[in-house]
Amino acid sequence: MIKKFLKIGKRKDNPNIIDANKNPPPIGTKDNRQYFRVDAEIPICLVSVPQGALYCGYCQDMESNIPYKDMITQEVNISGGGLYTLWRHPFDIGSHVAVFMILKGIKEDGLVVCGEVVRCQKIGKYYGIALRFLCRRDFKRNLILKFVTERERELIAKGKIGWIR
């Protein structure tokens, strides 16, 4: 039988980076995810999107207005289906959020993806925000999947994740 494991470490090397893994879900919880997830440090910014704007091409129009000055480099847990991160303020469950991110080595000039908030919980002075991506264009999801695969390879090479028998 092959089992997969992931080591989760604390961020002692850079106190300016918010660590989204301080409260990981308990082992053995039911997991219905469709995509492999990895932890990564990326520049990110979350912005509320007006209801109904997603269907008017809002996120596509935002590609030329990426708020680089508002981006914060922090730890996220990301997959092709969504992401989890700690953020400064809460979002209502079911609300839509534009996620601005820079995927190092994949999309250096920035990527905008819209998502739906599926969980929001207070964790210390931050809020744990779980988003489900609402990608209407496969090429955006493919860029995220490529980033996740590259990050997975990197973690395997460093011995931080792997396979045991």
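This is a predicted model: local features need pLDDT of at least 70, side-chain atom pairs count only at pLDDT 80 or more; totals for chains, interfaces and linings use all residues.

Modeller: If we skip its neighbours within four places in sequence, isoleucine 144 is in contact with Ile78, Ser79, Gly80, Met101, Leu103, Leu111, Val113 and Phe133. Now zoom out a bit: the largest nonpolar core has 28 residues, and Ile144 is listed among those with the most contacts inside it, along with Ile44, Leu46, Ile78 and Met101. Two or more residues of this core come from each of β2, β3, β4, β5, β6, β7 and α2. There's also a second, separate core of ten residues, with Cys45, Met62, Ile102 and Val112 among them. As a general rule, nonpolar side chains in soluble globular proteins tend to be buried together.

So what do those strands build?

Ile78 takes us to strand β3, which covers residues 72-78. Buried means under 20% relative accessible area, and five of the seven residues in β3 are buried, so the strand is largely enclosed by the rest of the structure. On one side, β3 pairs with β2 (residues 38-49) in the antiparallel sense over seven bridges; for example, asparagine 77 in β3 is the bridge partner of aspartate 39. Three bridges join β3 to β4, again antiparallel, and there isoleucine 78 stands opposite leucine 83. Getting from β3 to β4 takes a hairpin through three residues. As for β2, it also pairs with β5 (residues 96-103), antiparallel over six bridges, and serine 48 stands opposite valine 97 in β5.

Finally, let's go back to α2 and follow its charged side chains. Glutamate 154 and arginine 151 meet in a salt bridge at 2.7 Å, N to O. They're three residues apart in the helix, so about one helical turn separates them. Arginine 151 is buried because its relative accessible area is 18%, whereas glutamate 154 counts as partly exposed at 37%. Both belong to a network of salt bridges that also links Lys158.

Notes
Residues are numbered from 1 along each chain as its sequence is written. Side-chain values use heavy atoms; hydrogens and water are left out. Buried means under 20% relative accessible area, exposed over 50%, partly exposed in between (1.4 Å probe, protein chains only). Helices (H or I, at least four residues) and strands (E, at least two) are DSSP runs, numbered from the N terminus. Two strands pair if DSSP finds at least two bridges between them. A nonpolar core is a set of buried Ala, Val, Leu, Ile, Met, Phe, Trp, Tyr and Cys residues joined through side-chain atoms within 4.5 Å. Contact means heavy atoms within 4.5 Å. A salt bridge is a side-chain nitrogen of Lys or Arg within 4 Å of a carboxyl oxygen of Asp or Glu.
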